[in-house]
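Here is a walk through one protein model, taken sheet by sheet and ring by ring. Keep the structure open as you read.

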Amino acid sequence: MNILVTGGAGFIGSNFIRYLLDLSDEYFIINLDKLTYSGNLENLKDVKKGFSERYKFLKGDICDREKVRDIIKNYQIEAIINFAAETHVDRSIKEGSKLFIRTNILGTETLLSEGLSGNIRLYIQISTDEVYGSLGEEGIFTEKSVLSPTNPYSASKASADLLALSYFRTFGFPVIIVRSCNNFGPYRFPEKLIPLLITNAIEDKYLPIYGEGRNVREWIFVEDFCRAVYMVMNKSKLGEVYNISTGFQKRNIEVAELILKKFNKGKDLIRFVEDRKGHDWRYSMDFSKIKNEIGWNPGIDFERGLDDTIRWYSENSRWVKNVKSGEYLKYYEKYYGL
Ligand code: NAD
Ligand code: TYD
């Protein structure tokens, strides 16, 4: 199967490409990525070497209609999996929402409308629990819950979901939506909570916690998420939405304390800082639909995933240094001629 993976140089996309190519030799993957600050070709160095016949990287923007059209035609693309997005809530608040609207909504529209003219058998939109909005201490979201996003990032993701579903209903375009809770694991950009806390703990820097740290997130190890997407690719019904979550819910302060414990460092490294504007209190999703219909269950518990993640960041200090210093941005030109 020829698959167009978008945003494959980012955190989940790069893990997914590696997962899929490792698993089966029936896939040929085109990775279309704009290489924004969160895309990093270093995330795929081993993939480029190990799977050169079944993997090709193309630098480009999912909003570039002609490029998307040419790729679908020239590589006889049969499936599109759209990971590409602007993903950081804080940036959507502090730096403006325009780029989020452009990539997350207009980019999705480009893939959907160009996909219509190709021979696409499957389109998976990678979405998030954040489209449902914020919960208090009680409650859980199902796939039928009302979408009620609260920040520019989640509003742009919710818009993309609705647009994608409209393409299924109107044109019979083969859309499936997967909504995930917070992923963690190797190659996550250290502006997000878990990699930021781990890399700061390694360097004895303060661990910044918003507000009182009592907000709750639900966590999934990235390999478990990749396995869920793979199972959805092969077993699910078109036009459906699937929540992918685990029940591993933690307050942010608990995550910080656990990380410090793993490093044998004191809680005095925690620094409470100004809260995020409109900070969603808690996310929680019911995953019984994917469990009952597809047979997926989380396989890696939070602490085991955290141990693996800590080990990866500890063993990959060069990657961390290059990302934190911005050095990786120079690789594109130097090593890849981009
Ligand atoms: P990421 O920020 O690590 O990667 C995003 C990738 O998209 C980068 O490689 C970037 O260069 C690329 N990109 C951005 N704009 C582009 C454009 N216009 N054209 C082509 N490529 C572009 O993000 P991630 O954490 O890997 O998330 C991947 C997807 O999963 C996103 O759609 C996100 O909304 C969704 N998601 C993520 C999480 C999570 O916890 N990470 C949870 C739920 C849903
Ligand atoms: P983040 O990793 O940005 O993911 P999201 O907001 O998409 O869930 O943040 C996870 C939680 O951690 C969220 O409640 C905000 C909080 N947080 C901090 O307390 N300190 C930080 O430095 C960051 C980046 C996030």
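This is a predicted model: local features need pLDDT of at least 70, side-chain atom pairs count only at pLDDT 80 or more; totals for chains, interfaces and linings use all residues.

A residue counts as buried when its relative accessible area is under 20%. Take Asn 182 as a test case. Its relative accessibility is 17%, so Asn 182 counts as buried. The residue belongs to strand E7, which covers residues 182-184. What does Asn 182 touch beyond its neighbours within four places in sequence? Its contacts there are Asp 129, Arg 217, Glu 218, Trp 219, Ile 220 and Tyr 283.

Now follow E7 into its sheet. Three strands make up an open sheet, ordered E7-E9-E11, with mixed pairing. E7 and strand E11 (249-251) are the edges; each has a single partner strand, so one side of each has no neighbour in the sheet. From one strand to the next, the twist averages 50 degrees. Strands of a sheet pair through backbone hydrogen bonds, in either a parallel or an antiparallel way. Strand E9 (residues 216-221) pairs with E11 in the antiparallel sense, over 3 bridges. Within that pairing, Val 216 is opposite Arg 251 of E11.

Turn to the other sheet. An open sheet of 7 strands runs in the order E3-E2-E1-E4-E5-E6-E10, and its pairing is parallel. Its edge strands are strand E3 (55-59) and strand E10 (241-244), each pairing on one side only. Neighbouring strands here are turned by 20 degrees against each other on average, direction ignored. Helix H1 (residues 11-23) packs on this sheet. H1 touches strand E1 (2-6), strand E2 (28-33), E3 and E4, and its direction makes about 170 degrees with that of E2. Helix H3 (residues 65-74) lies across E1, E2, E3 and E4. The angle between H3 and E2 is about 175 degrees.

Strand E5 deserves a careful look. Which strands flank E5 in the order E3-E2-E1-E4-E5-E6-E10? They are E4 and E6. Strand E4 (residues 79-82) runs parallel to E5 and is joined to it by 4 bridges. Asn 82 stands opposite Gln 125 in E5. On the other flank, 6 bridges join E5 to strand E6 (residues 175-180), again in parallel. Tyr 123 faces Val 175 of E6 across that pairing, and Ile 126 stands opposite Val 178 in E6.

How many of the residues of E5 (residues 122-128) are buried? The count is 7 of its 7 residues. In a regular strand the side chains alternate between the two faces of the sheet. Both faces of E5 are covered. On one side Leu 122, Ile 124, Ile 126 and Thr 128 are buried.

Next, a helix. Helix H8 covers residues 222-235, which is 14 residues. At 1.5 Å a residue, H8 should span 20 Å, and its end C-alpha atoms are 20 Å apart, so the two values agree. The buried residues of H8 are Val 222, Asp 224, Phe 225, Cys 226, Ala 228, Val 229, Met 231, Val 232 and Met 233. An α-helix has 3.6 residues a turn, so residues three or four places apart point the same way.

Finally, look at the rings. A pair of aromatic rings is described by the distance of the centres and the angle of the planes. The structure holds 19 aromatic pairs. Tyr 187 and Trp 312 form a tilted pair, 4.6 Å centre to centre, with 55 degrees between the planes. This pair links distant parts of the chain, 125 residues apart. Tyr 187 sits in the loop between E7 and helix H7 (193-202), while Trp 312 is in helix H11 (residues 302-315). Both Tyr 187 and Trp 312 are buried. Trp 312 also pairs with Trp 319, edge-to-face, at 5.1 Å centre to centre and 70 degrees between the planes. Trp 312 and Trp 319 are both buried. Elsewhere, ring pairs join Tyr 123, Tyr 167, Phe 171 and Phe 173 into a cluster.

Two rings also meet a charge. The charged end of Arg 91 sits over the ring of Tyr 37, 3.5 Å from its centre. Lys 289 lies over the face of Tyr 242, at 4.8 Å from the ring centre.

Terms used:
Residues are numbered from 1 along each chain as its sequence is written. Chains are lettered from A and ligands numbered from 1 in the order in which they are written. Side-chain values use heavy atoms; hydrogens and water are left out. Helices (H or I, at least four residues) and strands (E, at least two) are DSSP runs, numbered from the N terminus. The expected span of a helix is 1.5 Å times one less than its number of residues. Buried means under 20% relative accessible area, exposed over 50%, partly exposed in between (1.4 Å probe, protein chains only). Contact means heavy atoms within 4.5 Å. Two strands pair if DSSP finds at least two bridges between them. Axes are lines fitted to C-alpha atoms, for helices over the stretch in contact, and angles run from 0 to 180 degrees between N-to-C directions. Rings of Phe, Tyr and Trp (its six-membered ring) pair if their centres lie within 6.5 Å; planes under 30 degrees apart count as stacked, over 60 as edge-to-face and the rest as tilted. A charge sits over a ring if NZ of Lys or CZ of Arg is within 6 Å of the ring centre and within 35 degrees of the ring normal.
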